[in-house]
Structures are given as C-alpha cells and as structure tokens.
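Hi everyone, thanks for coming. I'd like to walk you through one structure today, so let's get it up on the screen.

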Amino acid sequence: MSKVKYYYDPDTLSYRKIEPKKSRRFRNIALFFLGSFLFGFLGLILLLNTNLVNTPRELSLAREVKNYELQFELLGKKMEQIENVLANIEDRDNNIYRLYFEANPIPEEQRRAGFGGVNRYKSLEGFNNSEMIIATTKRLDIIQKQMVIQSKSLDEITKLAEEKEKLLAAIPAIQPIKNEDLTRMASGYGWRSDPFTKARKMHWGMDFTSPKGTPVYASGDGTVTRADNNASGYGKHIRIDHGYGYMSLYGHLSQYNVKARQKVKRGDLIGFVGNTGRSEAPHLHYEVWKDDERINPINFYYGSLTAEEFENMLKYANQENQSLD
Ligand SMILES: [Zn+2]
C-alpha cells in the first residue's frame, strides 16, 4: 500500500489528498512486477546451482547414464562368453592341432598379453565411469589380440597340414602287389637263410611271391630315379625317390612300365613281377629306404591292408624261413 499523500489547499483552507496520476500508478505497478521477476529469476539461478533440485534435463541425463551402465554390464557378459569360446578354441589349437602337426603350443602369456609401453587409455581417464570404460576397453583389446594370434596359428596349421598331406602322399604306404595277386608272402625283413648259400644272412627287404607278369605298383608319390638292370643282384629293378628321405626299390622284375625321371603317383603300375637277377623263383623283392638306410617295409602298409591282413602278413614276415632274395 503506497502512502496517502496530502497537500494544503489555500483556497479551501483544507488538506486535500494527492491523487496519484494514472500513468504514474501504472509505472509503479510495472516496476513492481519487473522487480519481482528479476528477484525470482536470480533466486532460481542460485537454487539450480546448488544441486538441491534436479532439472528435468538432469533427471533424463541421469537416467541415460544408468542405461549406459546397464548396457556396459550386458556387453561385459557377452565378452565373457566370447572369452570362453576363444579359450576353448585356443585349448584345442594348442593340445590337438599344434600337437598333431608337431608345432610348439603358444604359451598362455603370449596369447593374453596386454599392451605395454604408453598408456593407451589416458584419454579415457578422469570421468565418473572411467574405471568401467577402461576395464572394458582393455578386455576388448586383449580379445582382439587373442584373435590375431589364433588366426595366425591357424594359418600356420593350414600350411603344416598341406605339407603333411604331401608327405603322406609321398611316403611308401601301400603293398606294391595286390593282396589277391599274392601266392604267399615268402619272406620278411631280417635274418633269413640265403636261398643259394643256405647261410644265415640279413634280408634287407620283403619278398612277395607272385607269378611272373603280376603287376607291381608304386607304393607312394615320387620320381623314378632308376629303371635298369645295372645293380648287382636286383636284376631288372626300379627305384623311386619319394622325397623327405624316402626311397623304395622293386627288384627281380620281368618288365618295366616306367622310365627314369618319370613322375609317378601311389598305385601307378610301374612294372611286372619276374625272376631276373639273384632270384630263386618269380617274386618281387621290395625295399624301403629312409635316409640311405634300409628299413623294415612292414611298417609301411597301413594304406592298403585291413587289420586282419596286416596281422597275417606280420605272421608270415616274421617267420625265419628262407628268402627268395
Ligand atoms: Zn628278397
């Protein structure tokens, strides 16, 4: 309430009320409203700066942060699943694949190594959620590294597998004469009595008794190095170089089906059984060489015989009978 003001009127000799002008009154009211508005506004600003009340925007941001935290937690669970699957693959890689191909297992520390040196996570520091974000980023970095190492390991295994496949195709692994063509297995590798001198003598190969003209097959992939009659005792004979230190020799043949320097595959027809050279009866004398030493060919027929046939052959080959040479 504004004060009521009076003035002395000499004409009427009385005090008269001063009536405020209409415009003045309006101005006062406007000033009052402006003042209260400014005061209220300042008060609001002060209040908002004290964290005592949250604005709707702040509330919505807080909700958003909560949601991010929840999503991070879910991502963490998914990462855990990935880590488990990866660990399983790594385990198989080390204990089956790498072992099978004779490659050294990759140590755990190497697979799970983080990144040393500069702090890669500096830019993530200094926020409310830094710890959670850095931990998650580190985990992802390690998973990524694990994947790279695993992928490289599989590349290596692929290469080794291809190499092994070539090796397996190369080494002498089948019987050089079909089982149904065999009259009988005459003599194995070991000490046997010489058919000519009857003296006990080392027999360096296996003798397969078959009629003259029976087909003889290459026991592994390779290159024919000799197909001639110029080695004493063997008669007409063939030698195949299989690589990896392996060589096979087929003696006492009646006929060749290949020439020197010819490439052959396992199972190719290379010649025919005969009785040439130092031989008592038609048979194939078969030798397997590894690194220039003759070894027992009996260990190399896994490619063509059943367990029973192999057993039978073992029985025959181990009898200390007379060889046909
Ligand atoms: Zn022999």
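Predicted model: local features only at pLDDT ≥ 70, side-chain atom pairs only at ≥ 80, totals over all residues.

I'll talk about the metal site, then the strands around it, and then the helices.

Okay, the metal site. Which protein residues are the donors of the zinc ion? They are His203, through NE2, Asp207, through OD, and His285, through ND1. Those donors lie 1.9 to 2.2 Å from the zinc ion. If you look for them in the sequence, the spacing reads H-x3-D-x77-H. Now, Asp207 sits in strand 6, residues 206–209, while His285 belongs to strand 13, residues 283–290, so this pair ties together parts that are 78 residues apart in sequence.

As for Thr209, its bridge partner in strand 13 is His283.

Right, on to the helices. When we describe two packed helices, we give the angle between their axes and the distance between the axes. Take helix 2, residues 56–100, and helix 4, residues 130–170: they pack at an angle of about 25°, and their axes are 10 Å apart. Angles under 35 degrees count as roughly parallel, so helix 2 is roughly parallel to helix 4. Their crossing is left-handed. What kinds of residues make up the contact of helix 2 with helix 4? By class, there are 14 nonpolar, 5 polar and 9 charged residues.

Last stop, helix 1, which covers residues 22–49. Phe26 is in helix 1, and with a relative accessible area of 61% it is exposed. From the C-alpha atom of Phe26 to that of Leu47, 21 residues along the chain, the separation is 32 Å. Ile29 is in helix 1 as well, and at 45% relative accessibility it counts as partly exposed. Ile29 and Leu99 are 70 residues apart along the chain, and their C-alpha atoms are separated by 95 Å.

Conventions: Residues numbered from 1 in each chain as written. Heavy atoms only, no water. Axes fitted to C-alpha atoms, helices over the stretch in contact; angles between N-to-C directions. Helix = DSSP H or I, 4+ residues; strand = E, 2+ residues; numbered from the N terminus. Parallel < 35°, antiparallel > 145°, perpendicular 65-115°, else oblique. Left-handed = near helix turned anticlockwise from the far one by under 90°. Nonpolar A, V, L, I, M, F, W, Y, C, P; charged D, E, K, R; others polar. Donors = N, O, S within 2.8 Å, 3.2 Å for Na, K, Ca; no water. Pairing = 2+ DSSP bridges. Buried < 20%, exposed > 50% of the residue type's maximum accessible area, 1.4 Å probe, protein only.
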